[in-house]
Amino acid sequence: QVQLVESGGGLVQPGGSLRLSCTASTHNFNPYYMGWFRQAPGKEREFVAAINWGSGGTRVRDSVKGRFTISRDNAVSTLDLHLHSLRSEDTAAYYCAAGTIIPPLAPAALEVERTYNLWGRGTHVTVSS
């Protein structure tokens with residue numbers, strides 16, 4: 001079973017930046033797509049961004065457009081999330097996910113948790129002064 005491991009979380013001041021990374025435990029990892037979700041304290045987990053592993057096409061949540069960028073490095077099976085202009089409302093546990101079984105039926109499917117079959121354990125981002 002492939003494992004996904006997130007890294008890069010931490011404490012950052014409002015307006016600051018972070019880069020989150022997600023690495024697969026196997027070489028030549030080739031999912032259909034990967035994504036980032038987040039869960040703030042007391043709230044449900046929500047979609048942040050996703051990428052089609054083959055084409056590189058991306059989908060990003062409206063509230064983070066222009067601030068967050070998702071990218072992948074196929075050669076080292078790594079998914080990144082670049083976070084800029086961070087706000088207190090971005091404080092959450094960020095989870096990496098991958099879909100390896102079923103190709104997405106529609107781009108909007110990338111925003112749905114059940115589309116993904118592999119999940120990391122999360123990395124925490126705290127935005128506070």
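Colleague: What makes you say that the charged end of R45 sits over the ring of W119?

Modeller: A charge sits over a ring if NZ of Lys or CZ of Arg is within 6 Å of the ring centre and within 35 degrees of the ring normal. The charged end of R45 is 4.0 Å from the centre of the W119 ring and meets this description. R45 also lies over the face of Y95, at 4.9 Å from the ring centre. Please note that this is a predicted model, in which local features need pLDDT of at least 70 and side-chain atom pairs count only at pLDDT 80 or more, while totals for chains, interfaces and linings use all residues. Residues are numbered from 1 along each chain as its sequence is written, and side-chain values use heavy atoms, with hydrogens and water left out.

Colleague: Why is the pair of F37 and W119 called tilted?

Modeller: Rings of Phe, Tyr and Trp (its six-membered ring) pair if their centres lie within 6.5 Å; planes under 30 degrees apart count as stacked, over 60 as edge-to-face and the rest as tilted. The centres of F37 and W119 are 5.1 Å apart and the planes stand at 55°, so the pair is tilted. F37 belongs to strand β4 and W119 to strand β10, 82 residues apart in the chain. Strands here are DSSP runs of E with at least two residues, numbered from the N terminus.

Colleague: Why are Y33 and Y116 described as edge-to-face?

Modeller: Their planes are at 90°, and their centres are 5.4 Å apart, so the angle falls in the class over 60. Y33 lies in β4, whereas Y116 lies in the loop between β9 and β10.

Colleague: Is W119 buried, exposed or partly exposed, and how do you know?

Modeller: Buried means under 20% relative accessible area, exposed over 50%, and partly exposed in between (1.4 Å probe, protein chains only). W119 has 26% relative accessibility, so it counts as partly exposed. By contrast, F37 is buried at 1%. Y33 is also at 1%, and Y116, at 5%, counts as buried.

Colleague: Why is β4 described as largely enclosed by the rest of the structure?

Modeller: Six of its seven residues are buried, so β4 is largely enclosed.

Colleague: How do you know which strands pair with β4?

Modeller: Two strands pair if DSSP finds at least two bridges between them. β4 and β5 have six bridges, and β4 and β9 have seven, so both meet the requirement. Both pairings are antiparallel. W36 has A49 as its bridge partner in β5 and C96 as its partner in β9.

Colleague: What makes a set of residues a nonpolar core, and which residues have the most contacts inside the largest one?

Modeller: Such a core is a set of buried Ala, Val, Leu, Ile, Met, Phe, Trp, Tyr and Cys residues joined through side-chain atoms within 4.5 Å. The largest has 29 residues, and those with the most contacts inside it are L4, M34, W36, L79, L81 and Y94. A second, separate core of seven residues includes Y33, F37, F47 and Y116.

Colleague: What makes β8 mostly covered?

Modeller: Five of the six residues of β8 are buried. Six antiparallel bridges join β8 to β3, where L20 stands opposite L81. Another strand, β7, is also joined to β8 by six antiparallel bridges, and R72 stands opposite L79.

How values were computed: Helix = DSSP H or I, 4+ residues; strand = E, 2+ residues; numbered from the N terminus.
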